[in-house]
Amino acid sequence: MGKYVSADEAVKIVKSNDRIYVQAAAATPTVLTKAVSERASELRNIEICHLHTEGDAPYANPDLAASFHVNSFFIGKNVRHTLAAGNGSYTPVFLSELPHLFRKKVLPLDVVFIHVSPPDIHGYCSLGVSVEATLAAIQNAKTVIAQVNPQMPRTFGDGILHLSEIDYLVEVNVPIHGHEMEPISALEDRIGSHIASLIDDKSTLQMGIGSIPNAALTKLTNHKDLGLHTEMFSDGVIDLIQSGVINCNFKGTTRGRVLATFLIGSKRLYDFVHDNPFIEMKESSAVNDTARIRKNPKMVAINSAIEVDVTGQVCADSIGARMYSGVGGQMDFIRGASLSDGGKAIIALPSITKNGESRIVPFLKQGAGVVSTRSHVQYIITENGIADLYGKTLKQRAVEMIKIAHPNHQEWIEKEYYNLVNFKC
């Protein structure tokens, strides 16, 4: 069998009891995952591990539990059902440390499925829009199978690999998974304004995907000399880069370049990053390294949460005991920003859920996981304002947090918290 084969031929290398790592996010190689899923009747006890992935995940069908078990390092919508169904597990790990699980053989890999651009004249492909832990997986897996796609952008940084590092190549021509920008609501616009008010010129930014980060970015058009050192980014940064607001000239690491480990957005984003030397994609162990993040003066980390209690404890990975997403890189950047000279660690969220329940709570739900501790977070932001928690006592924090809760819930929060906690001393 030569290097260029069909997907069905390539996945014949997979055998029962193997562990497979799948490249994440917009780069999810769904042609390969579909092909291995179609071999379910021939396979038993395959572990498929990955971060958040896009597209269909047929291997996650509970009917195939004897063949495939999903091990999520960050739980996406397409596999969330596996935890309750019993054919999935969640492994909590900082994104900065995930590559080390493969390099230290804590999780030995048999096969890795990747998604790359076609080789150039020198035989080099690009991992394109998602490097994260894939490089470490490639270097430590017994077999590397690549989905080769002319629609995958070529990006600079760690994600360049030679054909000699790939065992089998499967040619496809399919769109990269993406997300269009959603309209920004009035509530999200208010949160974005509060975030932007904390950002100084010459700051370096980290943010995620979604309407709240995009709302904040729209408020920065008159800022100067911003940098971008972020786990991921989306379309919201393009206009700021093209206008020169984000030029990265005052960063402490990779000065003059945007630094990220994966990205997801629209075709406009993928066209923008293609062959763009201003964008540098590196492994998550480098991008999310707290020691590197803190070198950026005025590092601003903007993250979200499922709920936050009045002392500043941040639950971002579960709804009570029910796992919803994952640890990801929140703590990597919260800590890095906190240690940066002039840095700011921000958690931003709406004050209530779509069902009207308060997301600012007296106490986290039973079983809820604390992703960022109350001693790490500096600012909590809702549409109702900014709670500055840094250097404040628990009682002072509760006062600040109740102010930014939804008015309909403030009295309940205050009553529940103060009835149980004794602040006489």
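What covers the buried residues of helix H2 (residues 30-37)? I looked this one up first. The cover includes helix H1 (7-10) and the strands S1 (19-22), S3 (68-72), S5 (111-116), S7 (143-148) and S10 (168-171). The buried residues themselves are Leu-32, Thr-33, Ala-35, Val-36 and Ser-37. Buried means under 20% relative accessible area, with exposed over 50% and partly exposed in between (1.4 Å probe, protein chains only). Contact means heavy atoms within 4.5 Å. Helices (H or I, at least four residues) and strands (E, at least two) are DSSP runs, numbered from the N terminus.

A note on what I am reading. This is a predicted model, where local features need pLDDT of at least 70 and side-chain atom pairs count only at pLDDT 80 or more, while totals for chains, interfaces and linings use all residues. Residues are numbered from 1 along each chain as its sequence is written, and side-chain values use heavy atoms, with hydrogens and water left out.

Next, the whole chain. I found 14 helices and 25 strands. The radius of gyration is 22 Å, close to the 22 Å of the globule rule for 425 residues, so the chain is as compact as a globular protein of that length. That radius is taken over C-alpha atoms, and the rule is 2.2 Å times the number of residues to the power 0.38. The C-alpha trace spans about 75 × 50 × 40 Å along its principal axes. Of the 425 residues, 58% count as buried. Among contacts with a separation of 6 or more, 70% come from residues 24 or more positions apart.

Then I went looking for cores. A nonpolar core is a set of buried Ala, Val, Leu, Ile, Met, Phe, Trp, Tyr and Cys residues joined through side-chain atoms within 4.5 Å. The largest has 75 residues, and Tyr-21, Leu-98, Phe-102 and Phe-233 touch the most other members. Helix H9 (residues 267-273) gives the largest share of this core, four residues. Apart from it lies another core, of 52 residues, including Val-14, Leu-43, Val-70 and Ile-75.

Leaving aside residues up to four places away in sequence, Leu-98 touches Tyr-21, Leu-51, Phe-73, Val-93 and Ala-133.

My last entry is on helix H12 (residues 330-339). Eight of its ten residues are buried, among them Met-331, Phe-333 and Ile-334. The buried residues of H12 pack against strands S11 (204-206), S17 (299-303), S19 (314-315) and S22 (344-348), and against helices H10 (284-287) and H11 (290-293).
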